[in-house]
Amino acid sequence: MSTKKNQGPLLYVYQPFSRTPSNTSMQEIFISKGEPKELKEEIQIEIESKNKISLAKKEIVQEAETKKEATLPSSNNLHQQEPKPSFKRVKPFKELDIKERLDYLINFPKVLPPVPCVFYTKEENYTGYLTAYDDGQITIQFHDQSTIDIPLVELKDIIMIGIKR
């Protein structure tokens, strides 16, 4: 038997250490020594146009402020008005009446799966999905794909169950 130990191949990868150049004293602006008079004129024109733009912006802001002041009510009325919220508050499902709940379930986004609900009637409770809502009747589909039609006057309450995990 041999007394040498097997060693794996030796591999050397040359990776030079390189840093990004951090020379901050480099020139950033280059000006041609072509015709200095024309260059001065171009710079002057640029400065004048920037000044005109800034003056126009100031005038627009001042006009907007004067319009706001003209449309604002007096300070006494300002304190009496309530601030308007930026978003309209949506009523929770529990606070909706039965017709609003049915409208909500019928107009539920089609991208999302239908929400299972418990429909309470005078005689019995039904667990399923709302599939149709007409003026006087609703159609409930059960988990086994069977359906039942219930008159709207018999319906007492609707409660969303949600997705069971």
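Okay, let's start with Leu-155: leaving out residues up to four places away in sequence, Leu-155 touches Ile-98, Leu-102, Phe-119, Tyr-120, Thr-121 and Ile-138. Keep in mind that this is a predicted model.

So where does that residue sit? The largest nonpolar core has 17 residues, and Leu-155 is among those that touch the most other members, along with Leu-102, Phe-119, Ile-138, Ile-140 and Ile-158. Two or more residues of this core come from each of α3 (98-106), β1 (117-121), β2 (125-133), β3 (137-141) and β5 (155-160).

Asp-157 pairs with Arg-101, with the closest N and O atoms 2.7 Å apart. That one links distant parts of the chain, strand β5 to helix α3, 56 residues apart. Buried or exposed, you ask, for Arg-101? Arg-101 is buried, because its relative accessible area is 8% and the cut-off for buried is under 20%. Asp-157, at 27%, counts as partly exposed.

The whole structure has three salt bridges. Another joins Arg-89 to Glu-95 at 3.8 Å between the closest N and O atoms; here Arg-89 is exposed at 58% relative accessible area, while Glu-95 is partly exposed at 46%. Then there's Lys-91 with Glu-100, at 3.7 Å for the closest N and O atoms.

Among the lining residues are Leu-105, Ile-106, Pro-113, Pro-114, Tyr-129 and Leu-130.

Definitions and conventions:
Residues numbered from 1 in each chain as written. Predicted model: local features only at pLDDT ≥ 70, side-chain atom pairs only at ≥ 80, totals over all residues. Heavy atoms only, no water. Core = buried A, V, L, I, M, F, W, Y, C linked by side-chain atoms within 4.5 Å. Buried < 20%, exposed > 50% of the residue type's maximum accessible area, 1.4 Å probe, protein only. Helix = DSSP H or I, 4+ residues; strand = E, 2+ residues; numbered from the N terminus. Contact = heavy atoms within 4.5 Å. 1 Å grid on protein atoms, 1.4 Å probe; cavity = no way out; pocket = protein on both sides within 12 Å on 5 of 7 lines; lining within 4 Å. Salt bridge = Lys/Arg side-chain N within 4 Å of Asp/Glu carboxyl O.
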